[in-house]
Amino acid sequence: MANTITLEGEERTEFGKGAARRMRVAQQIPATIYAGGAEPSFVKLPMRETTLALRRANALFTIKFGDETKMAVVKDVQRNPVKRQVEHIDFYEVRAGEKVVVEVPVFISGETKGAAVAFIDMQNLQIRADVANLPERIDVSVEGLADGDKILAKDLKLPEGAELVIDDPEDSVVTVEVPKEESVETPEAAAAEGDAAAENATADGADSSDKAE
């Protein structure tokens with residue numbers, strides 16, 4: 001069961017760039033809560049608490065403003081491209097027991113055999129799950145896997161009640177293989193190349209002398 005993050009904000013009645021700038025100066029973030037076909041709600045949230053809360057992937061939020069309380073998940077976050085400060089948040093209102101589709105990052109754990117290395121083929125997966133149990137990440141164990149092994153989408157162990165949203169369950173999520181060795185120049189090889197270059201230079205010099213005579 002996921003923990004719900006509670007944010008207490010205020011109803012937002014001003015709009016536009018100027019209003020958004022004033023809110024950010026006042027350490028507030030403008031946000032919109034969408035609710036299917038209903039009219040969206042416009043709120044402003046405390047900047048520090050909200051920014052910290054956004055570190056939790058796929059968190060479930062309880063947003064209080066005025067006389068209203070809404071349960072929501074993050075739909076989109078807009079950040080300043082330079083400062084990376086949060087400038088606006090879009091939420092999607094949900095109901096208890098509702099299932100939604102979220103994007104979940106893939107992480108690997110464990111040790112492969114020998115020189116084999118695990119490569120993530122799909123960095124993120126789309127998962128449908130109950131709003132009260134949204135996964136923050138999908139951990140894939142590569143313990144003991146060897147060169148040529150693969151973990152397919154259909155092989156993943158998902159949280160209880162969650163299901164993968166994918167066109168082809170045979171798609172590879174993780175591939176294990178031994179990287180191709182890059183050529184490394186040894187001191188002996190470098191010395192051999194130096195001797196060959198010197199011999200060529202000597203031969204070229206001799207040819208030049210012959211031509212001069």
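The questions and answers that follow concern this model, which is a predicted one.

Q: What makes up the protein in terms of helices and strands, and what share of its residues counts as buried?
A: The protein has 3 helices and 13 strands, and of its 213 residues 31% count as buried. Among contacts in the protein with a separation of 6 or more, 62% are between residues 24 or more positions apart.

Q: Why is Ile63 called buried?
A: A residue is called buried when its relative accessible area is under 20%, and the value for Ile63 is 0%, so Ile63 is buried. This residue lies in strand S4, which covers residues 60-65. Leaving aside its neighbours within four places in sequence, Ile63 is in contact with several residues, including Leu7, Ile33, Leu45 and Phe91.

Q: What makes the pairing of Glu93 with Lys70 a polar contact?
A: A polar contact requires a pair of N or O atoms within 3.5 Å, and the side chains of Glu93 and Lys70 are joined by such a contact of 3.5 Å. The side chain of Glu93 is also joined to that of Arg95, by a polar contact of 2.7 Å. In space, Glu93 and Tyr34 are 5.9 Å apart from C-alpha to C-alpha, although 59 residues separate them in sequence. Tyr34 is also one of the residues in contact with Glu93 when neighbours within four places in sequence are left aside.

Q: What joins the side chains of Ser172 and Thr175 to Asp121?
A: The side chain of Ser172 is joined to that of Asp121 by a polar contact of 2.6 Å, and the side chain of Thr175 makes a polar contact of 2.5 Å with that of Asp121. Not counting residues up to four places away in sequence, Thr175 touches other residues as well, among them Val117, Phe119 and Lys150. Lys150 is also among the residues in contact with Ser172.

Q: Why is the largest pocket said to lie between domain 1 and domain 2?
A: Domain 1 (4-94) and domain 2 (101-177) both contribute residues to the lining of this pocket, so the pocket lies between them. About 370 Å³ of space lies in the largest pocket. Strand S5 (68-79) and strand S7 (99-109) are the elements that give two or more residues to its lining.

Q: How many residues line the largest pocket, and what are their classes?
A: The lining has 16 residues, and Asn58, Val73, Val74, Lys75 and Val102 lie nearest the centre of the pocket. By class, 12 of the lining residues are nonpolar, 1 is polar and 3 are charged.

Terms used:
Residues numbered from 1 in each chain as written. Predicted model: local features only at pLDDT ≥ 70, side-chain atom pairs only at ≥ 80, totals over all residues. Heavy atoms only, no water. 1 Å grid on protein atoms, 1.4 Å probe; cavity = no way out; pocket = protein on both sides within 12 Å on 5 of 7 lines; lining within 4 Å. Points joined across faces, edges and corners; volume = space filled by probe spheres on them. Helix = DSSP H or I, 4+ residues; strand = E, 2+ residues; numbered from the N terminus. Nonpolar A, V, L, I, M, F, W, Y, C, P; charged D, E, K, R; others polar. Domains from an automatic or database assignment. Polar contact = N/O pair within 3.5 Å; in protein donor to acceptor, adjacent residues only side chain to side chain. Contact = heavy atoms within 4.5 Å. Buried < 20%, exposed > 50% of the residue type's maximum accessible area, 1.4 Å probe, protein only.
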